[in-house]
Amino acid sequence: MVASATVVTAGAAGRRSWRLYPRLRLMLGTAMVLTALLWIAVTVPLLEARTTIAFTRDRAIPSYLGALTAHAALSDADRSAWLSFRSGEAQLIGPGQRYQDDITTAGQNLEHLAELDTAGPEGRQLLRAVNGQLVTYQGLVEQADASYREGDRPLGFAYLTYATTSLHNPGGLLSRVDQIGELDHRAVLSGQNSVWVRPGVLLLPAIVAVLLLGFLVLVQVYVALGFRRTINLPLVAACVLLTGLTAGAFGAMIHSGQAFQTAESRALPALTGIWQAQIGGADAGTTALRAGRTAGSSGGLDVAATEPAQQRLDSGLAAAANTGGLVVVLPLLVLGVAGLAALGLQLRLHEFRG
Amino acid sequence: MRLVKLKALVLVLLCGSGAVSCGGSGSGASVTVLGPWTAPEEAGFRAMLAGFEKQTGIRVDYTGTRDADSVLASEIQNGKPPDAAVLATPGELRQYAAAGTLRPIDGALDQARMAAEYGPGVRDLMTATGPSGTPHSYGIIVKAALKSVIWYDPKRLPPSVSAVLTARGLTWDRLIGAVAGLGTRPWCMGMADTSNSGWPGTDWIEDLLLHQSGPRAYDQWVAGRLPWTSGQVRQAWQAFGAVAARAGGGPGPILLTNFGSAGAPMFTAPPGCFLDHEGSFIAADYANDPTSPRPGTDFDFVPFPPVQAGQGAEEIAGDLLGMFRDTPAARKLIGYLTTPAAQQAWIRRPAGGAISMNRAVPLSDYPDPVSRKIADNLTHAGTVRFDGSDSMPHVMSSAFQHAVLEYLSDPGKLDVVLTALDKVRQSAYR
């Protein structure tokens with residue numbers, strides 16, 4: 001108040017200074033508001049993108065792959081059972097160890113699907129149907145085994161055919177598993193198509209950042225003219241920090257989005273392609289064996305063969321999820337910009353008070 | 001006011017936690033239904049449900065699978081049954097009612113309307129004894145089927161055989177005599193139906209026993225009082241074996257052919273077989289044949305002939321819908337499905353294969369002459385018996401189905417098969 005009174009009594013220069021003080025206060029307020037807006041404009045898409053990526057990585061994709069793996073395991077179990085019956089091994093070992101392992105793999109994946117619960121109520125309903133149908137399938141294979149061991153081979157093969165039909169026919173076990181997979185795939189696509197992982201989402205924060213930068217430059221010019229100072233160091237530092245912050249944040253978000261899109265559009269189809277090929281191999285084997293033709297034990301379910309593709313997908317998704325601690329650093333950097341801008345303006349305001 | 005708010009809050013919390021059933025009764029509510037109907041039958045049931053959804057605003061989530069009974073058993077075991085489920089047999093209805101798993105539906109039904117529109121025998125089938133020992137309505141018959149039916153293609157059956165089939169006073173012996181001239185494969189036959197494989201054979205044996213030995217012996221057998229090794233039952237099995245021996249190709253093709261496609265060779269030129277013993281629902285499967293056979297023109301039926309003219313009897317079956325979770329929406333659905341409007345939605349569908357047990361549904365509502373004839377037979381039948389295997393305890397019914405397959409695979413094992421069935425009978429009816 002003392003400083004402003006002094007300025008008012010100093011003639012024309014005083015009147016100009018009298019107008020400067022509230023303008024500086026206004027500029028300070030505007031800078032703070034724009035900085036807060038920038039923080040919100042960057043943080044919201046950043047958090048939403050993180051949530052989308054995390055949901056897709058931790059739930060949607062594992063569910064989708066779980067359904068695919070369960071399908072592949074069941075297809076392979078069926079082929080293994082047919083192989084055992086056709087080769088005559090069933091007389092001693094029933095449907096065989098590979099069948100048992102495949103059923104275990106399928107069961108584990110179905111349990112995992114239930115835990116993840118990505119497909120919602122519809123998925124839960126389907127999963128309950130699948131669990132019931134799996135029991136039916138196993139019961140039919142057991143019945144085939146019992147009939148075969150009793151020496152009634154035609155009946156054994158008939159029961160095995162019923163089991164295979166219960167697996168493959170419309171409305172059967174595999175079509176239900178595929179329906180769950182389709183629901184999970186929709187969740188994956190929903191992540192892929194989310195606006196939060198698209199570059200366009202940066203438009204609003206970019207506008208706010210440009211506005212803030214432009215405003216800080218204007219303040220710098222205004223203060224330089226009003227106080228005959230060429231450079232206001234804190235304001236310059238704020239501009240530099242803001243530019244770096246914006247470039248860093250946008251770079252990290254663009255990199256995350258690109259990594260996510262690459263993982264979903266390239267690594268995931270590469271992996272699912274391997275599973276589909278294994279399913280195709282197992283089903284072709286079953287068809288041949290049912291028709292009385294020969295089919296080798298190679299091909300079919302091979303989890304190890306999917307691991308390189310799985311690792312590529314995992315690393316792609318990990319890269320997408322990695323924003324370099326931006327969520328933690330961002331508020332500090334924004335606070336830094338706000339602090340420096342405030343400091344630059346406070347220095348001038350102090351001149352009035354002094 | 002505070003008390004009301006508190007109650008509302010508690011209700012919301014309980015609903016959210018799933019501690020109580022909160023299926024509403026209006027817009028936004030839903031009902032889950034599990035059933036065995038897929039493909040054309042599913043479309044028919046969905047037509048019924050569409051009317052309900054339109055009328056009430058309640059959504060129905062239907063899951064159809066041929067293995068509905070095992071899926072249901074699994075869901076009940078996991079403590080998560082659907083709101084309502086279609087049960088294949090009255091035996092299952094009684095079993096679930098006695099265990100307390102099914103909920104009584106007396107309150108869901110307009111008893112006066114039910115008495116007016118459904119016969120006492122039909123209402124008896126919907127009734128079972130609950131865990132407290134009191135009888136209640138536990139299910140409704142969504143659709144019925146006439147089981148004692150022999151199908152043929154009027155255009156491809158030789159006129160001499162056709163004349164015997166359509167003449168008054170057809171008997172089993174006359175039919176067998178006429179069939180003798182139809183080459184090596186007069187009968188169409190297929191036993192496959194995934195986990196329920198074998199039931200087409202049980203239908204054969206039931207019809208043969210009912211018509212050869214009469215309703216009294218049939219009732220005793222179904223109730224577990226007539227041994228499988230008895231002369232009457234053995235005679236039925238042997239007659240079935242004789243028919244199967246003329247169904248062509250040995251046991252393999254019969255075991256592996258699906259019941260739904262067993263009659264398809266009737267429509268080929270030259271016919272692969274001539275006569276198909278299937279329930280009335282098979283019309284829906286015929287309609288899906290690539291040759292698009294039309295009811296009345298390309299396929300028709302005769303009732304299963306009696307041993308002595310004029311002593312006919314009909315075997316029927318029905319799909320029962322029971323309520324496993326008592327919600328207002330589920331009750332509304334149960335009540336709606338018994339109405340003529342709901343029943344008409346399915347039976348009016350061309351080749352829908354559904355017959356209504358509701359007497360208020362006029363014959364003119366059926367879309368073709370064959371459906372009308374089936375409905376007429378069903379509503380005017382003198383001696384009517386429900387599907388025997390469906391009425392037996394589940395364990396007995398399953399053993400019966402397996403026994404049919406075992407017998408077809410090796411007809412020389414009849415004694416072994418019947419003795420084994422008697423062993424099951426001794427424990428199944430306790």
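**View 1. Strands β6(B) and β11(B) run antiparallel and are joined by seven bridges.** The model shown here is predicted, and local features are described where pLDDT is at least 70, side-chain atom pairs count only at pLDDT 80 or more, and totals for chains, interfaces and linings use all residues. Residues are numbered from 1 along each chain as its sequence is written, while chains are lettered from A and ligands numbered from 1 in the order in which they are written. Strands (E, at least two residues) and helices (H or I, at least four residues) are DSSP runs, numbered from the N terminus, and two strands pair if DSSP finds at least two bridges between them. Strands of a sheet pair through backbone hydrogen bonds, either parallel or antiparallel. The pairing of β11(B) with β12(B), in contrast, is parallel and has three bridges, with Phe386(B) of β12(B) as the bridge partner of Ile316(B).

**View 2. Strand β11(B) is mostly covered, for ten of its ten residues are buried.** A residue counts as buried if 20 or more other C-beta atoms, placed from the backbone, lie within 10 Å of its own, as exposed if there are 12 or fewer, and as partly exposed in between.

**View 3. The largest nonpolar core has 218 residues.** Such a core is a set of buried Ala, Val, Leu, Ile, Met, Phe, Trp, Tyr and Cys residues joined through C-beta atoms within 7 Å. Ala84(B), Leu333(B) and Ile334(B) are the residues with the most contacts inside this core. Helix α2(A), residues 11-87, gives the largest share of the core, 27 residues, and domain 1 and domain 2 of chain B each contribute at least three residues. Leaving aside residues up to four places away in sequence, Ile334(B) touches Ala84(B), Ile105(B), Ala108(B), Ile140(B), Leu321(B) and Met323(B); two residues are in contact if their C-beta atoms, placed from the backbone, lie within 7 Å.

**View 4. Chain B is assigned two stretches of domain 1 (19-146 + 316-386) and two of domain 2 (149-315 + 387-428).** These bounds come from an automatic or database domain assignment. The C-alpha centres of the two domains of chain B lie 27 Å apart, and 31 residues of domain 1 are in contact with 31 residues of domain 2. On the side of domain 1 that touches domain 2, α15(B) gives the most, with five residues. By class, this side of domain 1 has 15 nonpolar, ten polar and six charged residues, where Ala, Val, Leu, Ile, Met, Phe, Trp, Tyr, Cys and Pro count as nonpolar, Asp, Glu, Lys and Arg as charged, and the others, Gly among them, as polar.

**View 5. The contact between the chains takes 20 residues from chain A and 28 residues from chain B.** On the chain A side, α5 (120-149) and α6 (153-168) each supply at least two residues, and the largest share, ten residues, comes from α5(A). The side of chain A that touches chain B divides into eight nonpolar, ten polar and two charged residues.

**View 6. Four strands of chain B form an open sheet with mixed pairing, in the order β8-β9-β7-β10.** The edge strands, each of which pairs on one side only, are β8(B), residues 187-188, and β10(B), residues 300-303. Four bridges connect β7(B), residues 149-152, with β10(B) in the antiparallel sense, and Val149(B) stands opposite Pro303(B) in β10(B).

**View 7. Thr194(B) and Ser292(B) are residues other than glycine with a positive phi.** Phi is near 40° for Thr194(B), which lies in the loop between β8 and α9 (199-222) of chain B. Thr194(B) is buried, because 25 other C-beta atoms lie within 10 Å. Phi is about 45° for Ser292(B), in the loop between α12 (282-287) and β10 of chain B. Ser292(B) counts as exposed, because there are 11 C-beta neighbours inside 10 Å.
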